[in-house]
Amino acid sequence: MSSQQHSQAWKALQTHQHSLKNTHLRDLFAQNPQRFEQLSMQTCGILFDYSKNRLSAETLTLLQGLAQDSGLNDWRERLFNGAVVNNTEQRAALHVALRNRSDRPIQVDGHNVMPKVNQVLDKMRRFCHTVREGEWLGHTGKPIQSIVNIGIGGSDLGPKMVTEALDNYRHPRLHTYFDSNLDAAQLNHILSIVDPETTLFIVASKTFSTQETLTNARSARQWLLEHLQDDSAVSKHFVAVSTHTERVKAFGIDPENMFEFWDWVGGRYSLWSAIGLSVAVTIGMDNYLRLLSGAHAMDEHFRTAPLEQNMPVLLGLIGVWYTNFWQTRTQAILPYDYALKLLPFYLQQLEMESNGKRVTREGQAVEYNTCPVVWGTAGNNGQHAYYQLLHQGTQLIPADFIVAVHSQADKYGHQNPVLANALAQTRALMLGRNSEETRAALGDECDEAHLPHRLFPGNQPSNLLMYQTLTPDILGSLIALYEHKVFVQSVCWGINPFDQWGVELGKQMAAELLPALEGQADASHYDGSTQGLLAFIQSHR
């Protein structure tokens, strides 16, 4: 039996929630005209407004008490000092070392990892220079124009999201593509666009054995050789990000073109390692280092700021408040910055793979909700899709709005309408509109019979994160903010956020089913549904 919800801090929060459950956000603002000033903060170029939440100063004090009782200060120190925080795999989780721009020594098993981290960064810089300057030539002597990153999960979502977000920083000659899905349609589409003579593939796989990645890489290799008719061409058109030299060599990639990372780099945190090579080539190594610097700035804030003034801590605790004391089941991520259109998908892996757990670190079943379902899309598009549910549905759905003061591309003067929509949505979710206000707004057009359909209860909570414009530094800080938010919540829930055993079972069953699909194994021991589906597939081949 897990102990979190039996603590005094947890019980105090339950009692406190009962005292607030009938209080409307309108009332909280009416009672405290300084609510924004008191419930907002800035750091690392990001403004965090959390005033539109169903909480008070007392709520925050109680939440901080829960964090302290859960040992957050100790866990935070262990994270930054290279201690084993992933207890099921006996590993540190040192993504913070990968972006440690202060070069402060960080120890793992008694060894400072920073020299190796910096060696890989230096190798990445040299590689990026040769590709971007046109010095890396393909098999026929032409410079590279297309980069294709082949990976999945953390080897795809992070690099793809960042590359899309920072497209304004892209080298004008280079175009970057991402292939992850086992369905060949994605790879076929990319290969129909690129030229084999000017394409460089980055195969990103720690073990160089991931089914999806290796299947796609082999198909890309076959496509290349069909066009260039020379096995030696592989070494000119493929590089690897991996830890397995022998498998990389067997594929035909020169080990000199293999970029290393380590077992203390978790997949969903690997953007900061050599897995970010596609990003660095696309936007340039200097801009990639700015991304790391932004993340490092947020790391230092998280590491040193007191809990009550700590942005990741506050963001994480507010999430705990809704998940565990208001029983919310989902979290909306709503970027009103189109460059961040892939951020909700990136955060789905970061949050749900980290905290989608049903047992504590000690293996005891939890008796409370852990991670909510994370979802969302780019701002204005969502307004014409699911915002109806946010405004008039039956669920309490906390939302994070993310918006820039200045767009990266505002040639036509669109940003004021974007800002107006973002601010209006947070305000409308908070205030709603009662019957008196609706009658006044509709005037003579008000139909009393239809009035209930035009009412908005409001009282829907939201955070707003705002920055001047999206730069590599700001994006690094924003990603690190959410990483540390996830860590804070894991501590409060008593779970390990750095393993992902739930990913494995489906993979294992797929490997077992493949021989049956290929007619090389008996399927009679499978359940009736699986036998029926296999029979249907075979009968339609």
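**Figure 1. Overall view of the predicted model.** The secondary structure of the protein consists of 23 helices and 13 strands, and the model shown is a predicted one. Along the principal axes, the C-alpha atoms fill a box of roughly 75 × 60 × 60 Å. The radius of gyration is 25 Å, which agrees with the value near 24 Å that a compact globule of 541 residues would have. Of the 541 residues, 52% are buried. Among contacts between residues at least 6 apart in sequence, 75% join residues at least 24 apart.

**Figure 2. Helix α21, residues 472-493.** This helix has 22 residues. From its first C-alpha to its last, α21 reaches 32 Å, close to the 32 Å expected at 1.5 Å a residue. The helix is mostly covered, with 21 of its 22 residues buried. Just after α21 comes glycine 494, which takes a positive phi of about 70°.

**Figure 3. Helix α10, residues 211-228.** The 18 residues of α10 reach 26 Å from the first C-alpha to the last, close to the 26 Å expected at 1.5 Å a residue. Buried residues in this helix include Glu212, Thr213, Leu214, Asn216 and Ala217. Also buried in α10 are Ala220, Trp223, Leu224, Leu225 and Leu228. Just after the helix, glutamine 229 takes a positive phi of about 55°.

**Figure 4. Phenylalanine 208, in the loop between β7 and α10.** The strand β7 spans residues 199-204, and phenylalanine 208 is found in the loop between this strand and α10. Phi of phenylalanine 208 is near 55°, a positive value in a residue other than glycine. Most residues other than glycine have a negative phi. Phenylalanine 208 counts as buried because its relative accessibility is 4%, and the cut-off for buried is under 20%.

**Figure 5. Glutamine 229, in the loop between α10 and α11.** Glutamine 229 lies in the loop that runs between α10 and α11, the latter formed by residues 234-237. Its phi is near 55°, again a positive value in a residue other than glycine. Glutamine 229 is exposed, because its relative accessible area is 64% and the cut-off for exposed is over 50%. Phenylalanine 208, by contrast, is buried, whereas glutamine 229 is exposed.

Note on methods:
Residues are numbered from 1 along each chain as its sequence is written. This is a predicted model: local features need pLDDT of at least 70, side-chain atom pairs count only at pLDDT 80 or more; totals for chains, interfaces and linings use all residues. Side-chain values use heavy atoms; hydrogens and water are left out. Helices (H or I, at least four residues) and strands (E, at least two) are DSSP runs, numbered from the N terminus. The expected span of a helix is 1.5 Å times one less than its number of residues. Buried means under 20% relative accessible area, exposed over 50%, partly exposed in between (1.4 Å probe, protein chains only). The radius of gyration is taken over C-alpha atoms; the globule rule is 2.2 Å times the number of residues to the power 0.38. Contact means heavy atoms within 4.5 Å.
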